[in-house]
Amino acid sequence: MTPERRPTFAEYRELWISVVMRIMPISWLAAIGGFFGAREGQRAIAKREPWVDKVHTSLQRYAGVADEKDREQRIVACTRRIGRVYAEFAALQRIANSDRLEVVGMEHLSDVSWPVIFAGCHLSNWELIVQVLTRLPNRSCALYDPPENPIRHRLAVRAREAWMPDFKLVASSQRAMLDPVRALKAGRNLLLYVDEEKNGAVWAPSLGRDLPYAGNRWFAARLAVRHGVSIVPLYVEERAASRYRIVIEPPLDPEPGDPEVCARELADALDSKLDKVIGERIEQWYWLPWLDPDKPLSASQYTAQAASA
């Protein structure tokens with residue numbers, strides 16, 4: 001990770017705005033974030049920015065939306081949703097401690113052996129996933145990719161650390177890959193978002209693409225096989241504006257056998273689960289504007305992060 005640069009005046013303004021937003025009613029936050037998000041979508045459509053064409057292709061291919069005007073309305077709804085997610089950073093704990101959030105599937109954790117690897121994805125307001133970790137009997141660690149904007153980085157870290165005491169955050173880098181290994185060995189759960197964007201590509205799920213074994217999905221599978229732990233997929237879906245449901249799926253357990261073969265099988269099972277979950281909710285997926293469904297990918301395009309596992 002490169003050293004954090006000095007914030008610009010515009011970025012400091014974001015910090016001041018965030019202070020005000022922390023005391024706003026949640027409905028106001030949703031309205032303000034949604035307004036600016038929708039405006040960004042409308043501007044991008046008018047300018048025909050490159051990502052808009054990619055979303056048109058994805059909506060037609062994965063959601064079956066044939067009409068162009070309908071797709072444009074859905075693109076604006078998508079950016080409105082992203083705007084709400086950004087605004088809600090200021091109120092994550094308030095959302096989690098209200099009737100705006102429900103959690104289903106906790107029964108899937110009743111028989112697991114701790115620690116486990118939680119495999120999250122960037123659906124809806126994915127930051128709320130950490131609320132599940134606050135209900136567990138042991139400590140947790142999360143791997144995250146720092147944003148380039150230093151103020152947004154500080155705000156994100158502050159929001160994540162507020163969930164619970166001794167919540168360990170590890171900024172993604174090749175040197176940092178030993179930290180998740182140490183966390184598992186120390187009995188900490190590990191949270192990974194396995195659908196990350198890196199080097200100009202989205203590395204999971206496949207959504208009909210031919211994906212190499214690379215990225216956080218592959219890292220999670222190799223860690224699970226090497227350390228004999230379960231992978232628990234989970235995701236957030238939107239019920240209404242600023243109202244969410246966290247869904248915990250049954251655990252995926254590594255099978256005995258050749259470690260490389262077992263890791264590939266586990267990575268494929270995880271991809272299959274993600275493919276269904278995200279494919280059915282493609283318009284709630286944060287990475288939709290970044291997805292190029294026709295771009296071929298190879299492992300050499302991804303800076304290997306699993307070598308130290």
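This is a predicted model: local features need pLDDT of at least 70, side-chain atom pairs count only at pLDDT 80 or more; totals for chains, interfaces and linings use all residues.
Let me begin with the largest cavity, where about 70 Å³ of space lies. Among the residues that line the largest cavity are Glu 127, Val 130, Arg 160, Phe 167 and Leu 169, and if you look at the strands, you will find that β3, residues 140-144, and β5, residues 189-193, each supply at least two residues of this lining. The largest share, 3 residues, comes from β3. When we sort the lining of the largest cavity by class, we get 8 nonpolar residues and 2 charged ones, with no polar residue.

The second largest cavity has a volume of about 60 Å³, and its lining includes Cys 78, Arg 81, His 122, Ser 124, Glu 283 and Trp 285. Here the classes divide into 6 nonpolar, 3 polar and 2 charged residues.

Now to the helix, α8, which spans residues 178-185 and whose buried residues are Pro 180, Val 181, Ala 183 and Leu 184. Seen down the axis of α8, these buried residues fall within an arc of 160°, and therefore they line one face of the helix. As for what covers them, the elements include β2, β3, β5 and α9, so please notice that β3 and β5, which contribute to the lining of the largest cavity, come up again here. Finally, just after α8, Gly 187 takes a positive phi of about 90°.

Definitions and conventions:
Residues are numbered from 1 along each chain as its sequence is written. Side-chain values use heavy atoms; hydrogens and water are left out. On a 1 Å grid over the protein atoms alone, a cavity is a set of points where a 1.4 Å probe fits but cannot get out, and a pocket is an open set with protein on both sides within 12 Å along at least five of seven lines; lining residues have an atom within 4 Å of a point. Grid points are joined across faces, edges and corners, and a volume is the space filled by probe spheres set on the points. Helices (H or I, at least four residues) and strands (E, at least two) are DSSP runs, numbered from the N terminus. Ala, Val, Leu, Ile, Met, Phe, Trp, Tyr, Cys and Pro count as nonpolar, Asp, Glu, Lys and Arg as charged, and the others, Gly among them, as polar. Buried means under 20% relative accessible area, exposed over 50%, partly exposed in between (1.4 Å probe, protein chains only). The arc is that of the directions from the helix axis to the C-beta atoms. Contact means heavy atoms within 4.5 Å.
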